[in-house]
Structures are given as C-alpha cells and as structure tokens.
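Morning, everyone. Please bring up the structure, and I will walk you through it.

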2 protein chains.
Amino acid sequence: MSASIGDVAQLAGVSVATVSRAIRGLPNVSPSTRDRVLRAAEQLQYSAHPHASRLAAGHTMTVGMAVPVLTQWFFAQVVAGAEGVLAASGYDVLLYSVPDNHAKQRFVDRMPFSKRVDGLIAVDLLFVSSEFERLTAQPVPLVTVGTSHDGAPSVTIDNVDGAVKATRHLVNLGHRRIGLITHHQPHALPFAAPLQRRRGYELVLAEAGITVRENLIAPGNLMAAARRVAPLETAQGSSRRGSLALQGGAEAMAQLLTVDRPPTAVFAESDEMAVGALKTVRDAGLHVPGDVSIIGFDDHDMAAYCDLTTVAQPVQQQGETAAALLVEHMHDDTGMRETTSVVLPTKIVVRATTGPHRSGRADIAAVP
Amino acid sequence: MSASIGDVAQLAGVSVATVSRAIRGLPNVSPSTRDRVLRAAEQLQYSAHPHASRLAAGHTMTVGMAVPVLTQWFFAQVVAGAEGVLAASGYDVLLYSVPDNHAKQRFVDRMPFSKRVDGLIAVDLLFVSSEFERLTAQPVPLVTVGTSHDGAPSVTIDNVDGAVKATRHLVNLGHRRIGLITHHQPHALPFAAPLQRRRGYELVLAEAGITVRENLIAPGNLMAAARRVAPLETAQGSSRRGSLALQGGAEAMAQLLTVDRPPTAVFAESDEMAVGALKTVRDAGLHVPGDVSIIGFDDHDMAAYCDLTTVAQPVQQQGETAAALLVEHMHDDTGMRETTSVVLPTKIVVRATTGPHRSGRADIAAVP
DNA sequence: CTGAAAGCGCTTACAG
DNA sequence: CTGAAAGCGCTTACAG
C-alpha cells in the first residue's frame, strides 16, 4: 500500500531504528545519515503509521473533546478554539457528542479506559462525584470548561460578576424596575451559570436598595421544548439553546409586559433570549431603549447586528485556554496534577438597546 | 495501568485468541466459554486498546472530517449530522479544520497517507484536479458534501432548482422588478452554489420574459472582510459566513434601495443576508412584504424567528447522508468505487416576508 | 471450538 | 553515532 519504515531503511541503507530517530529529529544521528533518511522518506512519501507509533510509544497524540451538542453556537466556538491550539501542538481531536445522560454515562464508563486519547476536554458537562472520580481515577488528564470540579483544571468565566456588571449598568441608568429573563433549569446544580447570573442580579438590586420582585423574573427557557431538544442538564444552558432561546426570550418578555408595573429595563441571561425579547417589545409598539432597555449576555454573533448591549464573554478563548492547559498537563510527566482554574474576564459592551430611565431619576426619588 | 487481553485470558483460563474472538462476538466460541470471558472482561473493566487492534486488524474505525471552519452554522450542523451516524456505526470522528489554502494543501498532502482513518468526508472543499487525484489515488474512500467531483460519491442540493423555486414564488406573486443579493466570490468555480443560485434566478426571469438588470443585482458578501475571515474559496460560501453575511445583506439592500426604480421583491442567496436586508428595509421605514418582499435560502435557525420566507435545505441530513454513504463504502471491500451522488431536495417555506405585488398585476400588464 | 505463533509497524533500551 | 532485538496489545491464519 504505502511505504513502511522498513522501506525507508532499505532505501537509505540504514536500520529502522535509525530511520525512526532521524525522522523524529532525535539527537544522535549524524547529519549525513539524517539527510539520507529524510531524502529516502521524501521519495517514498513515507509517514509513520500513527497507530503503530502510538502503540509502541505509549501515547496517542490525540485528545478527546466532549460537548453536549455541536450545533449550538457556544459549543462550536469552543471546539474551534481548542482545535486550533491542539492542531498547532500536533494533537488530533476526537469529537464526542454527549447530548444526554445516557451518552454521558457511556462517555464516563468507556472513555478513560479506552486508551485512545492522551487527554480529555469536557465542555459544560456536569459530573456527579462518582462520575468525576471515575474520570480522574486514571492517568489521562482532564480539563473542564464551563464547569469546575475540585481536582481538575478548569476554564470558566465569573458569571456572578458578569451579571453584576449588567445589572449595575441598568441601575446606573436610573432604572429601578428591572426585569430578569432567566434560563434556570429545574434541577440544575448550584454552580450552574443561570443561577450564578441570577445571583449577580439580586446582589446588585440589594446593594441599590431595590426589592427583588418575583413577578419581574420570567423564565425564558421554554422548559418542555428545550428538554426535548437537549435533554442533558448543562451548566451554562443559558447560552446554548439555539433558536429556542429566541422564542423563549420573546415569550418571557411578553409575560413581563403583562405585570402591573412592567419593568423599564430587562436583563436577559443570554443574547438569544435578549434578541427574542427585543422583538416582543418592538412588536408591541414600544421603543428600545426609550420605553424599555434590554441587556443580554454572551456577545453572540447576533448581538452586534442587533445593536444589543451585552456582557461579552470570550468564547473561542475558553477553548483555546483549555487546550493550552491540557497540552501543558500532558507534557508534564511528574504526575502531580495541580488544578489550575482560570477564570476568563467578561466585559460590558454598551450598544444601542440600553438608555437612561425616561423619567430621569423619578423612580429613584420615589424610593426612600 | 488497565487490564490487557492477557489479563482477561488468564482470569478466564483461556488463550488470548479466544478472548479476542469471544469479545468481538465472532462465531466458533462455545457459549460457556464466551460467558466466562465476558464475565472476566467485565470484572477487569477490560476494553481493547484501540491502537493495538487497529494495527493488527488493519483498520482504524475512525473517519476524518474536514470542514472549512467549525464556527459557521452550516458546517457545525453538517458535522453534527455526520457524527451521529458515524458514532452509531462505531466510528470515531477526527476533526480537521481547513480554513485556508495552506491548510487544504497540508490536508491533501498528508491525510490520505497517514493511515489514520478508514474514510474521509470533505465538506465544501473545492479541490483542483491534482488535489483530487491525490486524494483518491489511495485506498481510503472519500465522500464530499456541498461539492461534487467525478470519481467520488457526493451529497449536495440542487442549487439551481432551489433558486428557481424562490424566484418563481416572487414572480407568481406578481413581482416584475426582482432584486438579487448574491454571494458570488470572485474566482469561484463554475459549480459553486452562488453561481448556481444566480443561474436559477436568471432562468426564471427569462421564462417570465423579464430582462435581467444588473442594477438589481447586488453583492452581499462584503468581499474584503469575508476574505479576511475565511480566506478559503468554498463552494457554498453563501450560507456560511456568519454575522458578516447579516451586514453584507444589509448593505446590499441599501444599495438596491438607491436605484431608479427599486425592486418590489428581493431574493437573497442566504438567509443571513436576507435577515440583514430585512433590517435595512424596516430601518428605511418601509414595510415587508407591503413595500418589498424578501425571500432567503437555507432555512437557517433565524429564519423561523424572523418569519422569513425561504428555500429550506436539509443541513444536518447532508452530514448524515454523507456518513451513511461513507460507511457503506468502507464496508465494501470489492474495491470498486461506484460514485453515487445524492442530491437532497430543497423546499420552499412560505412565511411572512413575501406577499403579492402591491399594484396587483399592474406591472405584468405593462409588459407585453 | 480452541490454542500457539506470527505479524501489524513502529519505538526504545541495550550494546557497541 | 548506529544496529539487533524485544516489546507495545492486539488479530488472524493455521493446526488440531
């Protein structure tokens, strides 16, 4: 079929051991020999059979990457980011989609023992402790993005802080009746992004002396429908729902417009929901930001187009950082697995959908 | 580290050969022996080392998938579709991003000879004949999606026909001045989707006795910017540009609104451009479809949300079909590579952005 | 139905 | 600096 190391050895008149060394750039090969080998290899279009070298050398030069679903904006970005740095370091990426708990179970059961990867990146996968233990009880290093577990390096953003920025922006514009469109999932774990973002919202209201009103908080996640499409509990579900989030945001906003004194500003936990909300407001004949200010979260591709004010998070960079961390760990043979957790910064991007509260500081004055 | 086939053999009291056969469900193993082996394997949490079995068996059980860039909607969908059926057939997917000509060159040079995959799927990659020959001059089967080359199975859609449907829809609504927002790339090959879609447009105008007017055709591709982001010439660039397309569509529409007698209907070669166009029209204070009808192409996630009339193409299904075709070819040891090319159907989805020409059949009456 | 042995194509001590 | 040989963990004829 194609040339083997033996063919090259024969052509170059050396042993296969020497070919192996010459080609991999190992020391202890005389320049002239190396030259001859390289020329022979070139001539035969030789490249090492990866499975053979991996078997012999004991490493695979590939890393496994598990994501809930590739079709969602966030995940595709993260994978792309990781793939870039992994490729640059000579690693192939093996893709695993883990759309539901069954797939997660299978991933946890099989992956660590399948010996086919040198490292693992898990994006937005919430592992219960038994799963996580199983995953780390073996020599393949793991780094998580979007979630963090004690015992593995992780890459995340500070969701509370991001939400604080968003809410504070609205408060500083004079708003007092501030709505929240959430993507809280029923049984989500405590550190899930939706809960964290809600927490930031509540923190700022408290610090501004504004009472949290339940009727100003609307779920934008269309639970039944979302569950059908993406049955897996993910940590940052908010940013990842695809077009359902548009619709969910639209409906949540519609609900907010029915309450007694509707909000003059709304923080949506994701840009997609924010864009949906935008539509509802405009369809209702109201103006943004004249009547209602809206701020999102993510800096999704659509955000710039819609002139949406938002809290930007670096998405591709989360993949890149995770990959860099992983590469470092794979090269680190000391076996000691220090658990770096890097928290990437968010930053507010003010565009055209937020503005000062209409009645100036009226509302504020109304509150003692 | 983890159990090997030898450990299982020892525990079960049989030879490794028998373990191998029992575990892979080969015939010629007595039920009781098989049972004992399976139990032992279970107990040791044994799973075969993939590199070893692949080396020995001569196949890799993985397929390589090359896409221009994973971050674009279309490509992520296609990969997800393919990954699904590949996983179901027991294949892993190795991801290659081929964002520019340099990467393409490297892919063509190395991939086929790297012996690391049993098959290849190339999405939207335009190969010149020398590249294509190199790719097919080896035993690894290739299937292309979005492009088709003589000599390899492919899955595509009929872009001409899709565009015919779109344009005919507008003509049937009584429109005569029909604009086109193109995504034609300067040096694109003849079969590239943008050209095909344009061809469909021209075909229908001709059949309706309407002259093609150059000033009603506007490029929506923001060439300089697009080139910076995605330097590779792709076949169906129109559908894949991300947010640039939104902006490009918006600008193209703005241009169309400046001509002497502006179009009463516009066919945009992609939904993203159509959505951009929608914005321009509304920002100008005009109504859709009252003043201008707009139809897109793709049935992108955003289309339903925007109530955009469009020509839907099955996107995930293109990945699924390609994967199924490839699996079939990989299982086919006859070596004869019949070149099935499957063309998936498009279908028009009428929503709220197209409507009858305002002045009824006036325009039509004006033309003999 | 089962086992002993060769072989897949490399890498890596070990000698020299 | 270079080579002979063992070994990585499986699979696959070949015997029996």
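Let's start with one pair. A:Arg39 makes a salt bridge with A:Asp35, and their closest N and O atoms are 3.4 Å apart. By salt bridge I mean a side-chain nitrogen of Lys or Arg within 4 Å of a carboxyl oxygen of Asp or Glu. Why do these two sit about one helical turn apart? Because they are four residues apart in helix α3 (residues 31-44) of chain A. Helices (H or I, at least four residues) and strands (E, at least two) are DSSP runs, numbered from the N terminus. Over all chains, the whole structure has 20 salt bridges.

A word on the ground rules. This is a predicted model: local features need pLDDT of at least 70, side-chain atom pairs count only at pLDDT 80 or more, and totals for chains, interfaces and linings use all residues. Residues are numbered from 1 along each chain as its sequence is written, chains are lettered from A and ligands numbered from 1 in the order in which they are written, and side-chain values use heavy atoms, with hydrogens and water left out.

Now the layout of chain A. Its parts are domain 1 (1-48), domain 2 (54-157 + 314-345) and domain 3 (159-313). Those bounds come from an automatic or database domain assignment. Taken over C-alpha atoms, the centres of domain 1 and domain 2 of chain A are 34 Å apart.

Next, the interface. How many residues of chain B are in contact with chain A? There are 41, and they meet 42 residues of chain A. Contact means heavy atoms within 4.5 Å. The buried area between the chains is about 4,000 Å², and carbon and sulfur atoms give 59% of that. Buried area is the accessible area (1.4 Å probe) that two parts lose on being put together, summed over both. Three residues stand out: B:His51, B:Lys115 and B:Tyr305 supply 20% of the area that chain B buries against chain A, more than any other three.

What about charge? Two salt bridges are counted between chain B and chain A. A:Arg116 forms a salt bridge with B:Asp92, with the closest N and O atoms 2.5 Å apart.

Which element gives the largest share of the side of chain B that touches chain A? That is β2(B), with six residues. Strand β2 (residues 92-97) of chain A pairs with β2(B) in the antiparallel sense, over three bridges. Strands pair if DSSP finds at least two bridges between them. In that pairing, A:Leu95 stands opposite B:Val93.

Last, some backbone details. Most residues other than glycine have a negative phi, and most peptide bonds are trans. The peptide bond from A:Val288 to A:Pro289 is cis, with omega near 5 degrees. A:Pro289 lies in the loop between α12 (271-283) and β9 (293-298) of chain A. In chain B, a cis peptide bond joins B:Val288 and B:Pro289, with omega about 5 degrees. Look also at A:Asp298, in strand β9 of chain A. Its phi is positive, near 130 degrees, and the residue is not glycine.
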